[in-house]
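Subject: Structure handover

Dear colleague,

Here is the structure for your files. My notes on what was found in it follow below.

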Amino acid sequence: MRTELYIDGQWTRPLKGGTFPIVNPATEEVVHHGPLGTAEDVELAVRAARRAFDQGPWPKMPGTERAKYLRAIGAGIRDRLQELARLETIDNGKPLPEAEWDIADAAGCFDFYADLAEGLDKKPEEAITLADGRFVSKAVKEPVGVAAAIIPWNFPLLMAAWKVAPALAAGCTMVLKPAELTSLTALELGAIAQAADLPPGVLNIVTGAGSVAGQAMVDHPDVDKLAFTGSGPVGSRIMQAAARDIKRVSLELGGKSPFIVFDDSDIDAAVEWVMFGIFWNQGEVCSATSRVLVQEGIYDRFMDRLVEETKKIKIGDGQEPGVLLGPMVSEKQMNQVLAAIENARTDGAKVTVGGGRPAGFNKGYYVEPTVLTDVPLDSDAWKEEIFGPVVCVRAFKSEDEAVALANDSRFGLAAAVMSKDDARADRVAAALRAGIVWINCSQPTFTEAPWGGYKQSGIGRELGRWGLENYLETKQITRFVSEEPWGWYIK
């Protein structure tokens, strides 16, 4: 486990020498002390990134050359998959098989953007047809500059890959700040980049508090682009700060995603996808389908199966075989989820399954998988993101009612619809105001496809070619080619 920051291709102690405890949420034990970066360390990191962009070879390098580094990083992640997955589980609490899936996806993300980096060489410019034949014009794509990325704690290395890989593919340099709660694998990414001989300053990693190190990155005048994944309130503050310098910004924020289940659905399949949509990663997922709308004709049977299967979920330390639900990432998060459940009770919701800490767990930040019914539409449990293994279920009569209930939210990250009627599923998918819509499934995520939301769920898209475009500027270059003088002033 690393005890230093990764700045300008070197490992360095924080200038003020501070550390912070890293706690295993399954045991509440302090397993490490991470380096506590401050504004002074951010200054060094941004300066290194600025120098690497303005004076170094990285942005001028052909995409095929950058691709070699990206593939080497992907291979380095893959070579250490088991070790990194174990660190992720110790740091975040998620079950080890889920962590292994995340690490494999992170490696694949670097491979994918290596391909797109090569594609930049194949189409470096776009000719523009002008009405005035005395000029020729073209549009070219260029890297935006120094990017600062602030990532959350729910998918630590994967969220780093979602930002680092496209930024580097585009030719940007970057300063990355992982969440203070889950910094272990992000620091290892620095070691993997160093082993891949990534030029100094291209990737810099500063760990520490968001209010200190993160704020310093947001405020720094030499940062050209801010990329943030996290809560809506923090995203709003970042957007306000970015406005001062007109920084480019992309935000992937919260959600309260609906899942509509029509009465022609296979009940067992519906229950499985609903459970995956809310209990995967302990419900600490921005796109979690936490509002489930079930048509009246199957509501009772659906609820019976959901209750039955939810009670079977094995809870425990993510390193134990067969565990499907690990602890919350921190004591604070556990308490927030438990408080949200109690507030729902106060509002009149019925706790059908779960609702508290599981029996027999004297240590660890565990919350039972919880199913709420009869949740009032004006309750925070129905309206606000809980970010834990808590799902709200209610019945509906008609398609129009289901769509109206689904869209009645300030969020619009994701949504799901389940039906054997393809025409109806397509119709509902088109009507849902969300950036991601799943049909007959929930939560599958692919590096090739765009990721991002409507309304207060964010700005911009990650993944796919859209993720690369986050880190590119478009420049127009126009040339006067006529042999005749322009003749505006000199005749």
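**Salt bridges**

The whole structure contains 30 salt bridges, a salt bridge being a side-chain nitrogen of Lys or Arg within 4 Å of a carboxyl oxygen of Asp or Glu. This is a predicted model, in which local features need pLDDT of at least 70, side-chain atom pairs count only at pLDDT 80 or more, and totals for chains, interfaces and linings use all residues. Residues are numbered from 1 along each chain as its sequence is written, and side-chain values use heavy atoms, with hydrogens and water left out.

One of the salt bridges joins D219 and R244, at 2.7 Å from N to O. The two lie 25 residues apart, D219 in helix α7 (residues 210-219) and R244 in helix α8 (residues 232-245); helices (H or I, at least four residues) and strands (E, at least two) are DSSP runs, numbered from the N terminus. D219 is partly exposed at 32% relative accessibility, while R244 is exposed at 58%. Here buried means under 20% relative accessible area, exposed over 50%, and partly exposed in between (1.4 Å probe, protein chains only).

R305 and D268 form another salt bridge, with the closest N and O atoms 2.9 Å apart. R305 sits in helix α10 (residues 296-310) and D268 in helix α9 (residues 267-279), 37 residues apart. K312 pairs with E309 at 3.1 Å, N to O. Through shared partners, D268, R305, E308, E309 and K312 belong to one network of salt bridges.

**Cores**

The largest nonpolar core has 99 residues, of which I77, L176, L189, F302 and V393 touch the most other members. Helix α5 (residues 156-170) gives the most to this core, with twelve residues. A nonpolar core is a set of buried Ala, Val, Leu, Ile, Met, Phe, Trp, Tyr and Cys residues joined through side-chain atoms within 4.5 Å. A second, separate core of 31 residues includes A340, W382, F396 and L405.

**Strands**

Strand β15 (residues 370-373) pairs with strand β14 (residues 350-353) in the antiparallel sense over three bridges, and V353 stands opposite V371. With strand β16 (residues 390-396), β15 pairs in the parallel sense over four bridges; there T370 has V390 as its bridge partner. Two strands count as paired if DSSP finds at least two bridges between them. T370 and L372 point one way from β15 and V371 and T373 the other way, and all are buried.

Regards
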